[in-house]
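Work through the exercises below with the sequence and the model open. Each task is followed by a solution in steps.

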Amino acid sequence: MKKIYEKWTGREVNRDLFRDLLTLATPIMIYAPIYFIWFIALEKHTFSHYSIIHTRVDDLIPFNEIFVIPYYMWFLYVSVTLLFLLFSFDVEDYYKNFFFLAAGMTVFLVVSTLFPNMHLLRPAVFPRDNVFTSLVGIIYSRDTSTNLWPSIHVYNSIGTMIAIHRSKRFNRVGKVISDFIGISIILSTLFIKQHSVYDVITAFIMAIIFYIVFYHTTILEGFCVRQEARVAVRYN
């Protein structure tokens, strides 16, 4: 396993490697606690007024509990991809993915703080009683129907699909599988009534904006070059 990893990364497994991994992981270790503390505070706080998010299309989308499977897959899909890029020492891909995710998540927190929002899409009674509706019930009990706009499930899934498509570590089959998972997650937010179509559309708009910012400008180029020099690796 050690030999495979060394061949994979072009790095010898030693103290310097672990030091460099820690350096690369520092932004995650700083941002993750900030995000979760802020998000939990929003979830526990009751605002005096919430804007109701709803579109007519939402009423045409049936509840389907089977989509809870890709909804849960989101947690692994996003985090494992980011960590994969980190441990692969794909410095530029890793940082662009991280800053893309962090930028959108921060916008979400600011919007939720300044413009409290909620929806009334969840079914009062599940149409069926099975293991999948039980899993949806767990989500409903732990995640309130507030602070939904734009959908981070959708936004981060788009960001992960982008990162995988741009990575040289994934072949065509891997990218197709990634797209299938990502699209399934996006659809799941609608079919288990966690998000409105409005949340999904605005997440796409935000993703387009930050895709241009982080992938089609030079805003991160100097930073990535410096970080690559620090860990002495660059993939061309």
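Helices (H or I, at least four residues) and strands (E, at least two) are DSSP runs, numbered from the N terminus. The model is predicted, so local features need pLDDT of at least 70 and side-chain atom pairs count only at pLDDT 80 or more, while totals for chains, interfaces and linings use all residues. Residues are numbered from 1 along each chain as its sequence is written, and side-chain values use heavy atoms, with hydrogens and water left out.

**Exercise 1. Locate Asn147 and describe its backbone and its burial.**

Step 1. Asn147 lies in the loop between α5 and α6.
Step 2. Its phi is positive, about 55°, although Asn147 is not a glycine. Most residues other than glycine have a negative phi, and most peptide bonds are trans.
Step 3. Buried means under 20% relative accessible area, exposed over 50%, and partly exposed in between (1.4 Å probe, protein chains only). Asn147 has 6% relative accessibility and therefore counts as buried.
Step 4. Pro150 is placed in the loop between α5 (131-142) and α6. The peptide bond joining Trp149 and Pro150 is cis, with omega about -10°.

**Exercise 2. Describe how α3 packs against α6.**

Step 1. Axes are lines fitted to C-alpha atoms, for helices over the stretch in contact, and angles run from 0 to 180 degrees between N-to-C directions. Helix α3 (residues 68-87) and helix α6 (residues 152-166) pack at about 40°, their axes 10 Å apart.
Step 2. Angles under 35 degrees count as roughly parallel, over 145 as roughly antiparallel, 65 to 115 as roughly perpendicular and the rest as oblique. The two helices α3 and α6 are therefore oblique to each other.
Step 3. A crossing is left-handed if the near helix is turned anticlockwise from the far one by less than a right angle, and right-handed if clockwise. The crossing of α3 past α6 is left-handed.
Step 4. Contact means heavy atoms within 4.5 Å. Residues making this contact include Tyr71, Trp74 and Phe75 of α3, and Ile152, His153 and Thr160 of α6.
Step 5. By class, the contact of α3 with α6 has 10 nonpolar, five polar and no charged residues. Here Ala, Val, Leu, Ile, Met, Phe, Trp, Tyr, Cys and Pro count as nonpolar, Asp, Glu, Lys and Arg as charged, and the others, Gly among them, as polar.
Step 6. Thr160, in helix α6, is buried, with a relative accessible area of 0%. Leaving out residues up to four places away in sequence, Thr160 touches Tyr77, Val78, Thr81 and Asn97.

**Exercise 3. Describe how α3 packs against α4.**

Step 1. The axes of α3 and helix α4 (residues 91-114) come within 8 Å and cross at roughly 145°.
Step 2. This crossing of α3 and α4 is left-handed.
Step 3. Val78, Leu82, Leu85 and Leu86 of α3 meet Asp93, Tyr94, Asn97, Phe98 and Leu101 of α4.
Step 4. The contact of α3 with α4 divides into seven nonpolar, one polar and one charged residues.

**Exercise 4. Is Arg11 buried or exposed, and which side chain does it join in a polar contact?**

Step 1. Arg11 sits in the loop between α1 (2-9) and α2 (15-44).
Step 2. At 13% relative accessibility, Arg11 counts as buried.
Step 3. A polar contact is a pair of N or O atoms within 3.5 Å; within protein, one must be able to donate a hydrogen and the other to accept it, and residues adjacent in sequence count only if both atoms are side-chain atoms. The side chains of Arg11 and Asp20 are joined by a polar contact of 2.9 Å.
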